[in-house]
Amino acid sequence: MAYNYLSDLKGDAENWVIKVRICRLWDSVSTKDNTLLSMDMVLSDEKGNLMHAAVRKHLVPRFKRLLTEGLVYTLRNVKVTTNIYPYRPVASNLRLLFLATTGVEALGEAEAVACIPKYGFQFVNQAALRSRADDVNTLSDIVGCFCGFGEIEVVGAGHRKRDIRIFTDYSVTSTVTLWGKLGELFDPTLYTLQDDGPYVIVVSSVTVKTYQGALTFATTSGSRVLLTRMLIMSPL
């Protein structure tokens with residue numbers, strides 16, 4: 001079967017057929033009353049292209065049980081639209097929409113889908129991050145070495161958070177605020193510095209702000225936190 005790559009999608013056509021992995025999947029809810037707005041995801045194809053996709057509120061019951069983060073699917077009859085909304089997880093003005101006629105078929109890893117990346121990120125340099133400060137139109141993916149943490153705090157109207165610190169590739173220590181469940185589930189004692197190397201941390205879909213000239217970051221409903229140990233080799 002011939003598939004379209006995400007980079008080929010454009011216009012208002014609805015007859016696209018794509019093979020993609022759901023890298024991230026989350027519910028977008030209203031900050032005012034916590035009601036569901038849409039089910040959102042980041043898709044990745046064989047070329048590593050990324051695209052934001054969404055299921056509108058009224059269609060969520062139809063697709064909720066059909067979609068799982070990390071799995072690969074064939075999607076038929078999806079629509080490309082201009083994304084006019086803030087908090088975009090991918091730096092693009094396009095968004096894929098599921099329709100009532102959209103077909104979903106799950107594919108197994110044995111069906112030549114292992115070549116589709118499991119994770120998809122868009123890392124940018126410090127200048128680009130600074131240009132996004134206090135602008136929530138486009139969210140950012142960040143990477144660094146985990147180097148410190150604070151305790152769980154309760155702020156505002158009972159919101160829980162944990163601040164962690166990362167050392168970035170531009171030699172700056174930055175604070176990342178993990179809100180809600182991300183902060184509660186993050187166990188910093190698992191990632192303390194070991195003799196065989198520090199931990200590299202990736203945090204996706206964060207907002208960017210500046211505080212006293214320094215960049216600070218905060219998670220959103222679409223954020224994920226991934227850590228891996230960085231091995232340091234030394235001569236015998």
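Q: How much space lies in the second largest pocket, and what makes a set of points a pocket?
A: About 150 Å³ lies in the second largest pocket. On a 1 Å grid over the protein atoms alone, a pocket is an open set of points where a 1.4 Å probe fits, with protein on both sides within 12 Å along at least five of seven lines. The volume is the space filled by probe spheres set on the points, which are joined across faces, edges and corners. This is a predicted model, in which local features need pLDDT of at least 70 and side-chain atom pairs count only at pLDDT 80 or more, while totals for chains, interfaces and linings use all residues. Residues are numbered from 1 along each chain as its sequence is written, and side-chain values use heavy atoms, with hydrogens and water left out.

Q: Which residues line the second largest pocket?
A: L182, L185, F186, D187, L190, Y191, R224, V225, L226 and L227 do; a lining residue has an atom within 4 Å of a point. Helix α3 (181–185) and strand β12 (225–229) are the elements that give two or more residues to this lining. Strand β12 gives the most, with 3 residues. Helices (H or I, at least four residues) and strands (E, at least two) are DSSP runs, numbered from the N terminus.

Q: How do the residues of that lining divide by class?
A: There are 8 nonpolar, no polar and 2 charged residues. Asp and Arg count as charged, whereas Leu, Phe, Tyr and Val count as nonpolar.

Q: What is the volume of the largest pocket?
A: The largest pocket has about 1,600 Å³. Its lining has 48 residues, and V29, T31, Y87, T220 and S221 lie nearest the centre.

Q: Why is D163 called buried?
A: Buried means under 20% relative accessible area (1.4 Å probe, protein chains only). D163 is at 18%, so D163 counts as buried. D163 sits in strand β8 (residues 159–168).

Q: What makes the pair D163 and T177 a polar contact?
A: Their side chains meet at 2.7 Å. A polar contact is a pair of N or O atoms within 3.5 Å, one able to donate a hydrogen and the other to accept it; residues adjacent in sequence count only if both atoms are side-chain atoms.

Key. Buried means under 20% relative accessible area, exposed over 50%, partly exposed in between (1.4 Å probe, protein chains only).
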